[in-house]
Amino acid sequence: MKNNPLVEAEVPGEAPEQTRLAAIDIGTNSIRCIVVEADAKGGFRVLDDEKATVRLGEGLTETGFISDAAKARALDALQRMEKISTGLKAEVAAVVATSAVRKALNRNDFIREVANVTGLAIDVISGDQEADLAVLSVQHNFDMDHQRYGMADIGGGSVEVVTATGRHTESVGSLELGVVFLTEKFLHSDPPSPEELKKLRKYVRKALKRDGVGDGLPVTCLIGSGGTMTNIGSMVMAMRGEQYESVHRYEVLHSEVIHLLAMLTRKSHKERLAISGLNPERADIILAGMILTDELMRRMRTNQLWINAQGIREGLILRSLQQRNLIPETVNGRDWRDSILDFARSCRFDEQHSTQVCRLAKKIFAAVAGPFALTLRDEQLLEAAALLHDIGYFISYDRHHKHSYHLIRHANLFGFTPRERELIANLARYHRKAKPKKTHENLIPLSVEDQQLVRRLGGILRLADGLDRRRNRQVVDISCQLDKNIFVLKLFGTADMSVELYGAQSKGSLFEAAFDCRLDVRAEECR
């Protein structure tokens, strides 16, 4: 019996082939630990992401001290995280503490006890250092070249606010406007009284104005990280009836934040526990976080909130990788095509076939884009799906279109929102076999408009895939013309193209239905 390399890699006690690092972020509300494995291409994959809500800053505003109960919860969480890191054979590269430990009068005692109990050495970082780490995460996850944007990382004790243009930071600020702090200071009734909410908002507004947040030109969007932001994303997703795999890169409108906040302010703590998308552990502090988010968007004059589900802990990992020369010291601009190709290659895709299908799909797209109001972004979704449509072979040939769908849904594709990733996955799903039906579970969560887009782009991809039926790039070029309700598709090649003609005819029905036309496919010899 031959050895299975995948099994061999899991033998207990065997050292990992690549560097494994862990980073721990000790916040005012929660403690997070992320464990990653670096790869040879300057990237990394997440092995574990542990969170514990310890409320380290509980009562800190009133007493100035980390309480014994909060300290005990933190020690328990840190012991567990240290054991997880050790079990995964990861070096704990960074342990940082933020606002609560910064302000605590007994911070030295806390740091000393953590070291004695867990062996972890805590580095207490400043607000500006927090902001720098959050910026690293944003630059790793979002393509913001040529855009002026804001960034906010909302914690339990403070909020870090950055304004930047592209990769050039304009301003950095750290304000004591964390959600635990604001809740304890202003919100004492259940539900909060209008007067309490008014005082909280006035306090936030004055602090932002005093710090110069939002001065200057408007920003295109606010990129938000931290538990408040991810919960806003989850609640809006539930409110829209959407069911994406993650809120990472999810886009929320300011009006949705306002409407959601208005609804939540009328509810008691018990009623908020039942809100879809809201983590019950945040039900008592979400109002303060949403008021802060609302005021940040007003000050920055933006209608767009983009959710960064990573934040400071990922920034810690990126910084640690840089310090070990495992990734470049400066984060260069990333391209979504590079992300797609890296993912496809990790699934050992047939690059020649996929790039041929992509080339032909884009030519077909160009012929129908104008009459059917398809956009440049639609073309990019089609391009991504064409490159990824066959990655399901990595699992099995049988049902590989469905395997492609699931692989894409769970992938971290740089530059694409959760909605766009779902669309790409569905396009790959329908490149063969059954055509889209309203009763399909993967289509039901999509809007009517997105379902139509899946049919149209899916029809193009399906047709282009048929044009490379032999996977030998027999079709050298094509010409396309939509004449009333007839789509004339001419194939040019230097040899027999009977199989490619058959492929187009057998896989063209979805295209015909989606664009309400009849296919007329012809083969002509190249001259």
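Visitor: Why are α14 and α16 said to be roughly parallel to each other?

Guide: In this predicted model, the axes of helix α14 (residues 336–346) and helix α16 (residues 376–388) cross at roughly 20° and come within 9 Å. Axes here are lines fitted to C-alpha atoms, for helices over the stretch in contact, with angles from 0 to 180 degrees between N-to-C directions. Angles under 35 degrees count as roughly parallel, over 145 as roughly antiparallel, 65 to 115 as roughly perpendicular, and the rest as oblique. The pair α14 and α16 is therefore roughly parallel. The element names follow DSSP runs numbered from the N terminus, with at least four residues for helices (H or I) and at least two for strands (E).

Visitor: How does α14 pass α16, and which residues meet?

Guide: The crossing is right-handed, a term for a near helix turned clockwise from the far one by less than a right angle, whereas anticlockwise is left-handed. From α14, the residues W336, R337, I340, L341, F343 and A344 meet Q380, E383, A384, L387 and L388 of α16, contact being defined as heavy atoms within 4.5 Å. By class these are 8 nonpolar, 1 polar and 2 charged residues. Ala, Val, Leu, Ile, Met, Phe, Trp, Tyr, Cys and Pro count as nonpolar, Asp, Glu, Lys and Arg as charged, and the others, Gly among them, as polar.

Visitor: What are the conventions behind these values?

Guide: Residues are numbered from 1 along each chain as its sequence is written, and side-chain values use heavy atoms, leaving out hydrogens and water. As the model is predicted, local features need pLDDT of at least 70 and side-chain atom pairs count only at pLDDT 80 or more, while totals for chains, interfaces and linings use all residues.

Visitor: What is the mean pLDDT of the chain, and where does pLDDT stay under 50?

Guide: The mean is 91, with 95% of residues at 70 or more, on a scale of the predictor's confidence in each residue from 0 to 100. Residues 1–16 stay under 50, and the model has 8 contacts beyond four places in sequence for them. Where pLDDT is low, the predicted coordinates should not be read in detail.

Visitor: What makes α18 oblique to α19?

Guide: Helix α18 (residues 418–429) and helix α19 (residues 448–466) pack at about 45°, their axes 9 Å apart. That angle makes α18 oblique to α19, and the crossing is right-handed. The contact joins R419, L423, N426, L427 and A428 of α18 to D450, L453, V454, L457, G458 and L461 of α19. It has 7 nonpolar, 2 polar and 2 charged residues.

Visitor: Why are α10 and α12 called roughly antiparallel?

Guide: Helix α12 (residues 286–300) and α10 pack at an angle of about 150°, with axes 10 Å apart; the two helices are therefore roughly antiparallel. Their crossing is left-handed.

Visitor: How do you know that β13 and β14 pair?

Guide: Strand β13 (residues 486–493) and β14 share 8 bridges in the parallel sense, and pairing asks that DSSP find at least two bridges between two strands.

Visitor: What makes β12 and β14 stand at the edges?

Guide: The open sheet has 3 strands in the order β12-β13-β14, with mixed pairing. β12 (477–483) and β14 (518–525) each have a single partner strand, so one side of each lacks a neighbour in the sheet. The twist averages 15° from one strand to the next.

Visitor: What is the order of the open sheet of 6 strands?

Guide: The order is β8-β7-β6-β9-β11-β10, again with mixed pairing. β8 (168–175) and β10 (251–253) stand at its edges, each with a single partner strand. Strand β6 (residues 148–154) and strand β9 (residues 222–225) run parallel, joined by 4 bridges, and M151 stands opposite I223 in β9.

Visitor: Which peptide bond is cis, and where is P191?

Guide: The bond joining D190 and P191 is cis, with omega about 0°; P191 lies in the loop between α7 (179–186) and α8 (194–210). Most residues other than glycine have a negative phi, and most peptide bonds are trans. K89 has a positive phi, near 55°, and is found in the loop between α3 (68–87) and β4 (91–97).
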